[in-house]
Amino acid sequence: MEENSKIPVHVSIIMDGNGRWAKERGKERFYGHVEGVESVRACTEEAIRKGVKYLSLFAFSEENWNRPEDEVRSLMGLMVKAMVNELPTFQKNGIKFIVLGNRSRLDDSLNAEIDECMGLTAGYTNLNLVIFLSYSGRWDILQAAKRLALEAAADPSAAQAVRDMDAGGFSRYLSTGGIPDPDLIIRTSGELRISNYLLWQCAYSEMYFTDTLWPDFKAAEFDAALAEYAKRDRRYGKVK
Ligand code: IPE
Ligand code: IPE
Ligand code: MG
């Protein structure tokens, strides 16, 4: 097999461990989130260098809204700051920036910033950088099912199409419609769970768990995950 075919098309990361990283240093959790942004930058650059086409990052879950208000506020502030700071880099490096999640829960100024950043980078194709914000896997499946049901109710002639629908057809109703399922899902910080992330899309993803905390996860750690992925034998239920 060619070397290149061992590079995943879509790498997805559950970026976890910012709080513990800060605590280890006797600092506020916020410092972990700040350093976490540096890891985002490092992994984005490395993904481009390696020829990964989609890098998706779990930045804030629906459940994370239950954190203390000041942490939520500072995280949202950090998102805006990072987007404004990184826009020139996105443009220079041909990065298409995409945000997916329950955006009705985000405040207007953040949504406006996201729309602007997505609009200005929509034409780029070098790397698709997908940020999952206010996202959960169950929310995604539920919104898809609701949309489908409402469409079918509004147009009874669509009933047959719904009956005939296969998994690929349903996928198009997910917020990730059009984006290939992740080949590799990385979770940092030693937790061995999916935490309501890409529940449908992870069906055949290779999983990579590392004890490294997200703020320590830079290019070398990203490369180590790709090297591990290259050794995996993906069988999709078949016999090889
Ligand atoms: C990941 O780090 C960032 C988000 C979930 C927003 P955490 O903030 O969960 O850090 P830990 O898990 O408490 O160390
Ligand atoms: C998962 O991390 C969500 C993100 C990385 C955005 P959490 O820290 O929220 O997950 P749990 O609570 O440990 O499962
Ligand atoms: Mg955590």
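Modeller: Let me start at ligand 2: one of its oxygen atoms is 3.3 Å from a polar side-chain atom of Arg 187. Keep in mind that this is a predicted model.
Biologist: Okay! What does Ser 195 do around ligand 2, in terms of distance?
Modeller: Ser 195 has a polar side-chain atom 2.6 Å from an oxygen atom of ligand 2. For Asp 16, a polar side-chain atom is 3.2 Å from a ligand 2 oxygen.
Biologist: And how much of ligand 2 does the protein cover?
Modeller: On its own, ligand 2 has 390 Å² of accessible area, and the protein covers 78% of that.
Biologist: Which residues are around ligand 2?
Modeller: Among them are Ile 14, Phe 58, Phe 60, Ser 61 and Arg 193. By type, the shell splits into five nonpolar, three polar and four charged residues.
Biologist: Which strand gives the most to that shell?
Modeller: That would be β2, which covers residues 54–61 and supplies four residues of the shell around ligand 2.
Biologist: Where does ligand 2 sit?
Modeller: Ligand 2 is in the largest pocket. The space that ligand 1 takes up is the largest pocket too.
Biologist: Oh, let's switch to ligand 1 then. Which residues surround ligand 1?
Modeller: Its surroundings include Gly 17, Asn 18, Gly 19, Arg 20, His 33 and Leu 75.
Biologist: Which helix gives the most to the shell around ligand 1?
Modeller: Helix α1 does, with three residues. Both α1 (18–24) and α2 (29–50) supply at least two residues each.
Biologist: What kinds of residues make up that shell?
Modeller: Three nonpolar, five polar and four charged.
Biologist: Zooming out, how many helices and strands are in the chain?
Modeller: The chain has eight helices and six strands. In sequence order, they run β-α-α-β-α-β-α-β-α-α-α-β-β-α.
Biologist: What about the overall size: how far does the C-alpha trace span along its principal axes?
Modeller: About 60 × 50 × 35 Å.
Biologist: And why does the radius of gyration agree with a compact globule?
Modeller: Because a compact globule of 240 residues would have a radius of gyration near 18 Å, and this chain has 19 Å.

Methods: Residues are numbered from 1 along each chain as its sequence is written. Chains are lettered from A and ligands numbered from 1 in the order in which they are written. This is a predicted model: local features need pLDDT of at least 70, side-chain atom pairs count only at pLDDT 80 or more; totals for chains, interfaces and linings use all residues. Side-chain values use heavy atoms; hydrogens and water are left out. A residue is near a molecule or strand if one of its heavy atoms lies within 4 Å of it. On a 1 Å grid over the protein atoms alone, a cavity is a set of points where a 1.4 Å probe fits but cannot get out, and a pocket is an open set with protein on both sides within 12 Å along at least five of seven lines; lining residues have an atom within 4 Å of a point. A molecule sits in a cavity or pocket if more than half of its atoms lie within 2 Å of its grid points. Ala, Val, Leu, Ile, Met, Phe, Trp, Tyr, Cys and Pro count as nonpolar, Asp, Glu, Lys and Arg as charged, and the others, Gly among them, as polar. The radius of gyration is taken over C-alpha atoms; the globule rule is 2.2 Å times the number of residues to the power 0.38. A polar contact is a pair of N or O atoms within 3.5 Å; within protein, one must be able to donate a hydrogen and the other to accept it, and residues adjacent in sequence count only if both atoms are side-chain atoms. Accessible areas come from the Shrake-Rupley method with a 1.4 Å probe; for residues, only the protein chains shown count as cover.
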